[in-house]
Amino acid sequence: MKSILAIVILVAGSAFGSASAISDSELSLGGVALGDPEAQVLAVLGPAPKQSDTGEGIALEYSDLTVLVGWLEQQAPDKQRSVLQLTATGPGACTPSGLCPGAPMSKAVATYGQPVQAKRESGSFLEYYSHQSSCWLQVGTSGETIRSVSAVCQP
């Protein structure tokens with residue numbers, strides 16, 4: 001599966017010109033990274049003001065950041081939930097390189113280079129794929145402004 005995804009990413013990248021790749025260390029928002037255990041999220045951000053069950057996991061909702069935690073494998077007593085997805089919607093939740101919602105779109109290009117432009121069910125996005133995993137940054141824009149930054153993975 002990973003090899004198929006890698007081929008798709010390479011083909012998509014070549015179809016859109018010379019799209020830039022990022023490292024997994026950039027798949028972090030507000031000090032929380034994909035794969036972090038739920039206990040680490042709570043240590044960094046504190047208790048979530050709001051939580052909701054999404055059917056895929058539990059969404060921990062903070063003012064600038066939503067953290068989806070769940071199990072990568074089947075739930076078991078000795079397994080802890082971990083971060084499956086991150087979505088920043090406010091300027092308090094940035095990537096390690098300082099890309100934040102509210103910044104001009106040009107900041108994404110200056111920080112990470114040329115993105116892949118993707119049309120998805122939920123809209124059009126600028127995307128930066130990791131060269132280390134099947135994960136990527138998904139940047140939502142409104143006009144010339146970044147409205148959201150998400151760190152997501154292909155399951």
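Cys94 is partly exposed, at 22% relative accessibility; here buried means under 20% relative accessible area, exposed over 50%, and partly exposed in between (1.4 Å probe, protein chains only). The model is predicted, and local features need pLDDT of at least 70, side-chain atom pairs count only at pLDDT 80 or more, and totals for chains, interfaces and linings use all residues. Residues are numbered from 1 along each chain as its sequence is written, and side-chain values use heavy atoms, with hydrogens and water left out.

A disulfide is a covalent bond between the sulfur atoms of two cysteines. In the present analysis, a disulfide is assigned to a pair of cysteine sulfur atoms within 2.5 Å. By this criterion, two disulfides are found in a search of the whole structure. Cys94 is joined to Cys100, with an S to S distance of 1.8 Å. The torsion about this S-S bond of Cys94 and Cys100 is about 105°, so the disulfide is right-handed. Cys100 has a relative accessible area of 14% and is therefore buried.

The other disulfide is formed by Cys135 and Cys153, whose sulfur atoms lie 1.8 Å apart. The link of Cys135 and Cys153 is right-handed, with 95° about the S-S bond. This pair connects distant parts of the chain: Cys135 belongs to strand β10 (residues 135-142) and Cys153 to strand β11 (residues 145-153), 18 residues apart. Helices (H or I, at least four residues) and strands (E, at least two) are DSSP runs, numbered from the N terminus. Cys135 is buried because its relative accessible area is 9%, whereas Cys153, at 30%, is partly exposed. When the bonded cysteines of the protein chain are numbered in sequence order, the pairing reads 1-2, 3-4.

A nonpolar core is defined as a set of buried Ala, Val, Leu, Ile, Met, Phe, Trp, Tyr and Cys residues joined through side-chain atoms within 4.5 Å. The largest nonpolar core has 29 residues, of which Leu60, Val67, Val83, Leu86 and Leu137 touch the most other members. Among the elements that give two or more residues to this core are β5 (58-61), β6 (65-70), β7 (82-88) and α3 (105-112).

Contacts (heavy atoms within 4.5 Å) were also examined for two residues. Not counting residues up to four places away in sequence, Val83 touches residues including Val32, Leu34, Val41 and Val67. Ser82 is located in strand β7 and is buried, at 11% relative accessibility. With the sequence exclusion of up to four places, the contacts of Ser82 include Gly35, Pro37, Leu68 and Leu72.
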